[in-house]
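Colleague: I'm new to this one. Could you take a close look at the aromatic rings for me, and at what sits around them?

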Amino acid sequence: MPKKDERRLRIGVLGAGQIAQAAHFESCTKAVNADLHAICDIADDLRERMAIMHDATTTYADYDRMLADPDVDAVIIATADAFHVPAAKRALEAGKHVLCEKPLGVTVEEVLDLQQVVEKSGKVLQVGHMKRFDAGLQAAKSFIDTEMGDLVALKAWYCDSTHRYPMTDAVQPLIVTSARAKKPAENPKADLRRYYMLAHGCHLIDTARYFAGEILSVRARLSERAGLWCWFVDVEYASGALGHLDLAVAVRMDWHEGFQIYGQNGSVIGKTYNPWYYKSSDVDIFREADGATHRVLGADGHFYRRQLEAFARTILDGAPMRGADVQDGLASVRAMVAITRSVESRRAVALADVGGGV
């Protein structure tokens, strides 16, 4: 374990479910500039077991009591999607910084409302798009920003696999469940079209925006056949670049995620792995200037820990925000809604014109 910094961000985690157990508790433990101070969950059995396993300083069954704790500097919101915006607003109003799991919200309007609360609070809100902390993607981003010149076209794909659970079950910790856990009023998986877009589409959209910038409009098609949901999305970027996104759940093959980027002074090809392998993307950067391909060695693939450390540096040291902020979270929700509306209307849809949810 690396030595901890003297100044550390004290974290309270809301929710002790799967994403907290698989990612956030360990990230707080391993981060050099953060500590797991508190765990909050309504399920007593789950909360206390996680506190023992991860050595949390204290626990809370009531969210407002955790927010009133002066030793909590920031909150990680690791709940179901429907609870993200209400929980984030309460934390910001209590004077806490927020790292919120993706997607930031489920409707355009609720995220617009949250944006106003963020601006009024003066606190940091970061969205948990942890792929921005993949060393391979960061190398591609650096090349795009400093050497590539005009970005001409970007193709990106995110294809979940029918074999993903045997794969992840082998590498993730055993996820502990509780019958007392708080659940949303509606089962998120009751509508798989909506669930897959929110769970997986937001990753693909944020990666595309991370590389190519603002999305103006989308034209999308959806095929639902043989238990496979496949979205093909043509993208209009503000920069004038061409874009195509492929979201498929679940392909009959290995996990298939990556991107191709063509630019003025070079190109980038990336292969991204199932995130629970904690393996950085294989990214090949072709520089026209020397006619050679370069690949970064992304030895540190703990995206969730790297995400938390960057969040803490922004708060503790005033470092620039390297993660997704509230505007990025809003743009992601707008894009998912626009894709949904485009499928329904069979026309191109501008992100600025959409409202409602997926």
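Predicted model: local features only at pLDDT ≥ 70, side-chain atom pairs only at ≥ 80, totals over all residues.

Modeller: Start with Arg164: its charged end sits over the ring of Tyr165, 4.8 Å from the ring centre.

Searching the whole structure turns up 8 aromatic pairs. One of them is Tyr158 with Trp255, an edge-to-face pair with 5.4 Å between the centres and 70 degrees between the planes. Those two come from distant parts of the chain: Tyr158 is in strand S7, Trp255 is in the loop between strands S10 and S11, and 97 residues separate them. Both Tyr158 and Trp255 are buried.

Trp276 and Tyr304 make a stacked pair, because their planes are at 10 degrees and their centres 5.4 Å apart. Trp276 belongs to the loop between strands S12 and S13, while Tyr304 is in helix H9, so this pair ties together parts 28 residues apart in sequence. Trp276 has 12% relative accessibility, so it counts as buried; Tyr304, at 5%, counts as buried too. Ring pairs also join Trp276 and Tyr304 with Tyr278 and Phe303 in a cluster.

Phe303 brings in one more residue, Asp134, which touches it along with Thr272, Ser280 and Ser281, leaving aside residues up to four places away in sequence. Asp134 lies in the loop between strand S6 and helix H6. It's buried but has no salt bridge: Lys131, the nearest side chain of opposite charge, is 6.4 Å away.

Technical notes: Residues numbered from 1 in each chain as written. Heavy atoms only, no water. Helix = DSSP H or I, 4+ residues; strand = E, 2+ residues; numbered from the N terminus. Buried < 20%, exposed > 50% of the residue type's maximum accessible area, 1.4 Å probe, protein only. Lys, Arg positive; Asp, Glu negative; His and termini not counted. Salt bridge = Lys/Arg side-chain N within 4 Å of Asp/Glu carboxyl O. Contact = heavy atoms within 4.5 Å. Phe/Tyr/Trp six-rings, centres within 6.5 Å; stacked < 30°, edge-to-face > 60°. Lys NZ or Arg CZ within 6 Å of the ring centre and 35° of its normal.
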